[in-house]
Amino acid sequence: MSGLYFLGTGGSVATAERDNTSLLVKQGQELILVDCPGSILQKIKRLNFNPLKISAVLITHIHTDHVYGLPSFVHSLMFEDFLVRIYGSEESVDFCRKLLDMFHLLKEGLKIQIEFLSLKPGERAQLMDSLEIRTFRAPHHSSSLGYHFFFRKARKELIYSGDTATDSLIFKEAKEKDFLIHDCSAPSRFFQEHPSLYSMHTHSLELGKFSKEAGVKCLIPCHFFGEFKYSLAEIEEEIRRSYQGELIIPRDYQEITI
Ligand SMILES: [Zn+2]
Ligand SMILES: [Zn+2]
């Protein structure tokens, strides 16, 4: 049985309802963590999962809201007999190594074992017997990677864009796929007011249009900016102007069955 659990669904500015975006992917008893902002252990425990079941941490990029909780995550588990693999681009993995080293979390004598594994765009990695990933480029930051998950048992595919500007290659990757979790930072009017956003993020009107063209089966918009005032009804309305497939606008702690 596979499932997705949102530990956060917000952008870099958290709100009372939404923390920075991160995701747990569950396959059988094992867990994969995608990005590592704050209070990860507490969030995992709140969902009644065991953090020691995390076999891999995938980092999308090294902006603060996606990695700042990593030292705390490792620190909390440093005396556990636990191996964690940290995957990301070379730049992300180097950054994570430096970040953990700065907090003296790589020194001898700690029980936790950490492996750093860097991936190039297009490279594959087998995370578990029946779960494989393939990375792709995401135009957002020099360290950015998106992740394409292949759930072999469930025969489902999930594309996780991470933070990204709208990019036709990502929608090619997502063509007729089961799930697309995509940057949807704000409704279009905020991008018109702040045009610099176009090179970094995606708005809901464009996300709907591209998802329709790609024939995405289930669209899950995410990474909602907390610094702008808008309702999720506005996001939904803009997406629905073109996209008519299944749409899930996730809350923090929401579970989605694969
Ligand atoms: Zn972000
Ligand atoms: Zn970012």
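The model is predicted: local features need pLDDT of at least 70, side-chain atom pairs count only at pLDDT 80 or more, and totals for chains, interfaces and linings use all residues. Residues are numbered from 1 along each chain as its sequence is written, chains are lettered from A and ligands numbered from 1 in the order in which they are written, and side-chain values use heavy atoms, with hydrogens and water left out. The zinc ion (ligand 1) and the zinc ion (ligand 2) lie 3.5 Å apart, and Asp163 coordinates both.

**Zinc ion (ligand 1)**

- Its protein donors are Asp65 (OD), His66 (NE2), Asp163 (OD) and His223 (NE2), 2.1 to 2.2 Å away.
- Donors are N, O and S atoms within 2.8 Å of the metal (3.2 Å for Na, K and Ca); water is not among the atoms, so sites may look incomplete.
- The arrangement is irregular because the four donor atoms subtend angles of 90 to 166°.
- Four donors count as tetrahedral if all angles lie between 85 and 135 degrees; four count as square planar and six as octahedral if opposite donors are over 155 degrees apart and all others between 65 and 115; anything else is irregular.
- Along the sequence, the donor residues are spaced D-H-x96-D-x59-H.
- Distant parts of the chain are linked here: Asp65 sits in helix 2 (residues 64-67), and His223 in the loop between strand 12 (218-222) and helix 8 (232-240), 158 residues apart.
- Helices (H or I, at least four residues) and strands (E, at least two) are DSSP runs, numbered from the N terminus.
- Asp65 is buried at 9% relative accessibility, and His223 is buried at 3%.
- Buried means under 20% relative accessible area, exposed over 50%, and partly exposed in between (1.4 Å probe, protein chains only).

**Zinc ion (ligand 2)**

- His61 (NE2), His63 (ND1), His140 (NE2) and Asp163 (OD) coordinate this ion at 2.1 to 2.4 Å.
- This site is irregular, with angles of 87 to 171° among its four donor atoms.
- The donor spacing along the chain is H-x1-H-x76-H-x22-D.
- Here, too, distant parts of the chain are linked: His63 lies in the loop between strand 4 (54-58) and helix 2, and His140 in the loop between strand 8 (131-137) and strand 9, 77 residues apart.
- His63 is partly exposed at 25% relative accessibility, whereas His140 is buried at 9%.

**Cavity**

- A search of the whole structure finds one cavity of 30 Å³ or more.
- A cavity is a set of points on a 1 Å grid over the protein atoms alone where a 1.4 Å probe fits but cannot get out; lining residues have an atom within 4 Å of a point.
- The largest cavity has a volume of about 60 Å³.
- Its lining includes the zinc donors His66, Asp163 and His223.
- Strand 11 (residues 179-183) gives the most to this lining, with three residues.

- Seven strands form an open sheet in the order 7-8-9-10-11-12-13, with mixed pairing.
- Its edge strands are strand 7 (124-128) and strand 13 (246-247), each pairing on one side only.
- Two strands pair if DSSP finds at least two bridges between them.
- Strand 9 (residues 145-151) and strand 10 (residues 156-160) pair in the antiparallel sense over five bridges.
- Phe150 stands opposite Glu157 in strand 10.

**Met200**

- Met200 is in the loop between helix 6 (188-193) and helix 7 (204-214).
- Met200 is partly exposed, at 27% relative accessibility.

Terms used
On a 1 Å grid over the protein atoms alone, a cavity is a set of points where a 1.4 Å probe fits but cannot get out, and a pocket is an open set with protein on both sides within 12 Å along at least five of seven lines; lining residues have an atom within 4 Å of a point. Grid points are joined across faces, edges and corners, and a volume is the space filled by probe spheres set on the points.
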